[in-house]
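Hi there,

Here is the structure I promised to pass on to you. Please have a look at it, and then read my notes below.

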Amino acid sequence: MKLFGKSAKKTSANLKPRRNLLGQAGRDPYSDWAVIFSISFLVAVALVAIGIITFTDMDARLSRPQAAGSETAAAIDTRTLSKVLAEFSSRQAERPNLLKGYAGPGDPSQ
């Protein structure tokens, strides 16, 4: 009585160890470097492709002609603008005094 069929015969093909690229990880330096290089290359290609797509998209947006009335004028807050201009004017008036040197209290040890 046969317990196993013809497929269970031990042939030379069944005795050979299977060469799996990830199965050899840590044992074969060549396969480790092949995996590292392949993954790095795929990531680099993906990043270059994303960069090219982004560049062409931005180039197309910038070269597209704008409609004459499409830009809306932003409302200017005159109160805030006047505060900022007053601050800059006070800084401009204070600058020559600061350039002269230290204007604080003198050193008490002298």
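Asp57 and Arg61 form a salt bridge, with 3.6 Å between the closest N and O atoms; the term stands for a side-chain nitrogen of Lys or Arg within 4 Å of a carboxyl oxygen of Asp or Glu. The two are separated by about one helical turn, because they sit 4 residues apart in helix H2. Helices here are DSSP runs (H or I, at least four residues), numbered from the N terminus. Asp57 is partly exposed at 36% relative accessibility, and Arg61 is partly exposed too, at 47%. For these labels, buried means under 20% relative accessible area, exposed over 50%, and partly exposed in between (1.4 Å probe, protein chains only).

Before I go on, please note that this is a predicted model, in which local features need pLDDT of at least 70 and side-chain atom pairs count only at pLDDT 80 or more, while totals for chains, interfaces and linings use all residues. Residues are numbered from 1 along each chain as its sequence is written, and side-chain values use heavy atoms, leaving out hydrogens and water.

The salt bridge count comes to 2. The other pairs Arg91 with Glu87, whose closest N and O atoms are 3.3 Å apart. Both residues belong to helix H3, again 4 residues or about one turn apart. Glu87 is partly exposed, at 40% relative accessibility.

Helix H3 (residues 78-100) also holds Val84, which is partly exposed at 36%. Together with Ile76, Leu81, Leu85 and Phe88, Val84 makes up a nonpolar surface patch of about 480 Å² accessible area. Such patches take residues with over 30% relative accessible area and no salt bridge, joining nonpolar side chains (Val, Leu, Ile, Met, Phe, Trp, Tyr) within 5 Å and like charges within 9 Å. The areas come from the Shrake-Rupley method with a 1.4 Å probe, and for residues only the protein chains shown count as cover.

There is 1 aromatic pair in the structure. Phe37 and Phe41 are stacked, at 6.2 Å centre to centre and 20° between the planes (ring centres within 6.5 Å make a pair; planes under 30 degrees apart are stacked, over 60 edge-to-face, the rest tilted). Phe37 is exposed, with 58% relative accessible area.

Finally, confidence: the chain has a mean pLDDT (the predictor's confidence in each residue, from 0 to 100) of 80, and 70% of its residues reach 70 or more. Where pLDDT is low, the predicted coordinates should not be read in detail.

Best wishes

Methods
Rings of Phe, Tyr and Trp (its six-membered ring) pair if their centres lie within 6.5 Å; planes under 30 degrees apart count as stacked, over 60 as edge-to-face and the rest as tilted.
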